[in-house]
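Here are a few exercises to work through with the model open in your viewer. Try each task before you read its solution.

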Amino acid sequence: MTELERAVDAAFVRTGRGLSHWPDPHPDRAPLDEEYSRSLDPLKWRIVPAWAEAWCDAAVELGIATLERACVPRWAVDDGARYRRVDRLIPNAVGALPMTLAYAGSDGERPTGVTIALGHPAVVFGSSPACGCDACDAGSQNELDHLDAQVRDVVSGQVRHLSAADRTIVASSTGWSATGSFGRSEVDEVLADPKGWVEVSGASWLDG
């Protein structure tokens, strides 16, 4: 993983050319009310998909995966979202699942956001930036760290996506999140014994 992350840094010199990092705009105060409804510089978020592209390039350069560009995705649940480009990173390790990266937003040829999905058909488990408004902006590094955590979990095989009817559980190295109605301790019980649930999970990309 350390070698891969170093390769990401090197690849970003190319994928992030012309883009700049920025600090937390309000490190010592709460966001203003008007910041929740605005984005004075939405194009700065181009740095996030550029960082995702660096992960893809690094994985290919190290022989961990192959990249299928501009693919036609098959979503487990189609929420009607429309993306300007969808790529699929396909790991070489046996039992590892592909990662779909769907790029959104517009600025000429550069997107301003990325959604990450696992498996085929693809189940969505994360997107960056999470919001993009000025109030939620905690600086570029905060968002890149968030994206890093999502991609690391896929690469290391630590993502589990479980679904049953209108209920969903997503577990990763940092814990779990759930949508739908659950009883006390029910999520932990499902994670321990997912019988009756549809689970999407895979092996580490770095095995073998």
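Strands here are DSSP runs of E, at least two residues long, numbered from the N terminus. One thing to keep in mind: you're looking at a predicted model.

**Exercise 1. Describe the largest pocket: its volume, its lining and the strands that build it.**

Step 1: get the volume, which is about 280 Å³ for the largest pocket. Step 2: look at the lining, made up of 16 residues, among which A76, V77, V123, V124 and H161 are the closest to the centre. Step 3: find the strands. Strand 5 (123-128), strand 6 (160-164), strand 7 (167-172) and strand 9 (198-201) each give the lining at least two residues. Step 4: sort the lining by class, and you get 9 nonpolar, 4 polar and 3 charged residues.

**Exercise 2. Which element supplies the largest share of the lining of the second largest pocket?**

Step 1: the second largest pocket holds about 220 Å³ of space. Step 2: list its lining, which includes F125, H146, A149, Q150, D153 and W176. Step 3: helix 3 (140-155), strand 7 and strand 8 (175-179) each put in at least two residues. Step 4: pick the top contributor, and helix 3 takes the largest share with 4 residues. For the class count, this lining has 4 nonpolar, 6 polar and 1 charged residues.

**Exercise 3. Classify the aromatic pairs W75–Y83 and F182–W197 as stacked, tilted or edge-to-face.**

Step 1: recall the cut-offs, where planes under 30 degrees apart count as stacked, over 60 as edge-to-face and the rest as tilted. A search of the whole structure turns up 4 aromatic pairs.

Step 2: take W75 and Y83. Their ring centres are 5.9 Å apart and the planes sit at 40°, so this pair is tilted. W75 is buried, with a relative accessible area of 18%, while Y83 is partly exposed at 24%.

Step 3: now F182 and W197. Here the centres are 6.0 Å apart with planes at 20°, so the pair is stacked. F182 belongs to the loop between strand 8 and helix 4 (186-192), and W197 to the loop between helix 4 and strand 9, so the pair ties together parts that are 15 residues apart in sequence.

Step 4: check the accessibility of this second pair. F182 is partly exposed, at 21% relative accessible area, and W197 is buried, at 14%.

Step 5: look for a charge over the ring of F182. You'll find R167 lying over its face, 4.6 Å from the ring centre.

**Exercise 4. Work out how strand 3 is placed among its partners.**

Step 1: start with strand 2 (residues 85-91), which is joined to strand 3 by 5 bridges and runs antiparallel to it. On that side, R85 stands opposite Y103 of strand 3. Step 2: move on to strand 4 (residues 113-118). Strands 3 and 4 are also antiparallel, with 6 bridges between them, and A104 faces G113 of strand 4. Step 3: check how covered strand 3 (residues 99-104) is: 5 of its 6 residues are buried.

**Exercise 5. Is R82 buried or exposed?**

Step 1: locate R82 in the loop between strand 1 (65-68) and strand 2. Step 2: apply the cut-off, where exposed means over 50% relative accessible area. At 66%, R82 counts as exposed. Step 3: for a distance check, go to E199, 117 residues from R82 along the chain; their C-alpha atoms are separated by 25 Å.

Definitions and conventions. Residues are numbered from 1 along each chain as its sequence is written. This is a predicted model: local features need pLDDT of at least 70, side-chain atom pairs count only at pLDDT 80 or more; totals for chains, interfaces and linings use all residues. Side-chain values use heavy atoms; hydrogens and water are left out. On a 1 Å grid over the protein atoms alone, a cavity is a set of points where a 1.4 Å probe fits but cannot get out, and a pocket is an open set with protein on both sides within 12 Å along at least five of seven lines; lining residues have an atom within 4 Å of a point. Grid points are joined across faces, edges and corners, and a volume is the space filled by probe spheres set on the points. Ala, Val, Leu, Ile, Met, Phe, Trp, Tyr, Cys and Pro count as nonpolar, Asp, Glu, Lys and Arg as charged, and the others, Gly among them, as polar. Rings of Phe, Tyr and Trp (its six-membered ring) pair if their centres lie within 6.5 Å; planes under 30 degrees apart count as stacked, over 60 as edge-to-face and the rest as tilted. Buried means under 20% relative accessible area, exposed over 50%, partly exposed in between (1.4 Å probe, protein chains only). A charge sits over a ring if NZ of Lys or CZ of Arg is within 6 Å of the ring centre and within 35 degrees of the ring normal. Two strands pair if DSSP finds at least two bridges between them.
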